[in-house]
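Hi,

Here is the structure I promised to pass on to you. Have a look at it first, and then read my notes below.

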Amino acid sequence: HLTERSPNEAGLFFARAVAQGFGGDGEGAAASLMKAYDIDTSYMMGIFQMARVLAASGKIEAGKAVLESPALKKLEAEEELDYQKGIFYFTAKDYREALVYFELVEQKRSGDFALGTVMYQAYRETGNTTSRITTIERLLRLDEARVQKDMPWMYQELGLLCEEMNMLGRAREALETYLRYVPNAPEAEQYTRKINELKAKGY
C-alpha cells in the first residue's frame, strides 16, 4: 500500500523487497529492488547486499532469483555479476559453487589481492591443499609486504601445507618466516624444533 501511495520512494520499494525475499518471493523481490534502483541508482549495491542477506538467512532460491534477474544482467557487467554470485554462494557456505564463479573472475582479475584472500578461504573450506598453497604463493607475489604486516599467519599455513605435501624445503622457509614476524607464537618452540630437524636432513 505504501509503495502505491508513494511511488517515488526508493526506500519503500527496498523494504518491500526485503519482505518479499524473506517470504520466499525472489522474483518479486528482484522486481522491487529494480524499482528502487530506477528511482535511485545508489541502490545498486543494496541489491547485492540484499542477496547476501538472503544467503546468510538460508533463503537461497530467493537470493538466486535476485542475482539472476534479467534486468540486473542488463545493468551490470558479467564479470561483476560473477563476482557477486561467488560472494553470494560463499555467504551461503556453498564453497564449491562459490569457487566456480571466483575462478571465472580470477581469469580477468589475476592481480586482485582481496579476491585471492576470499578464494583461499573457500579452498580451505573445501580441503583443497594444492590450491591453498598456490593461492598463498600468488598472494605473496602480489603483495608480500601486506602479508607480512596484516596476515603473517599465511606463512604458518603455507609451512604446514607444504610439509603435508612433502615440499619440505619450502615448508622450512615458510615456518622460519612466520617465526621472524611472530616470534612469540604459541607454537614457536615446536616450529623451531621442526625447522632444525628439516635443516639436519638437508632441507
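A residue counts as buried under 20% relative accessible area, as exposed over 50%, and as partly exposed in between (1.4 Å probe, protein chains only). By that rule Glu61 is exposed, with a relative accessible area of 57%. Before going further, please note that this is a predicted model, where local features need pLDDT of at least 70, side-chain atom pairs count only at pLDDT 80 or more, and totals for chains, interfaces and linings use all residues. Residues are numbered from 1 along each chain as its sequence is written, and side-chain values use heavy atoms, leaving out hydrogens and water.

Glu61 forms a salt bridge with Lys64, with 3.7 Å between the closest N and O atoms. (A salt bridge is a side-chain nitrogen of Lys or Arg within 4 Å of a carboxyl oxygen of Asp or Glu.) Both residues sit in helix H5, three residues apart, about one turn of the helix; helices here are DSSP runs (H or I, at least four residues), numbered from the N terminus. Lys64 is partly exposed, at 23% relative accessibility.

The whole structure has 13 salt bridges. Another one joins Glu137 and Arg170 at 2.8 Å, N to O. This pair links distant parts of the chain, 33 residues apart: Glu137 is in helix H10 (residues 129–150) and Arg170 in helix H12 (residues 168–181). Glu137 counts as buried at 18%, while Arg170 is partly exposed at 26%. Arg170 also forms a salt bridge with Glu173, at 3.2 Å between the closest N and O atoms.

Enjoy exploring!

Key:
Helices (H or I, at least four residues) and strands (E, at least two) are DSSP runs, numbered from the N terminus.
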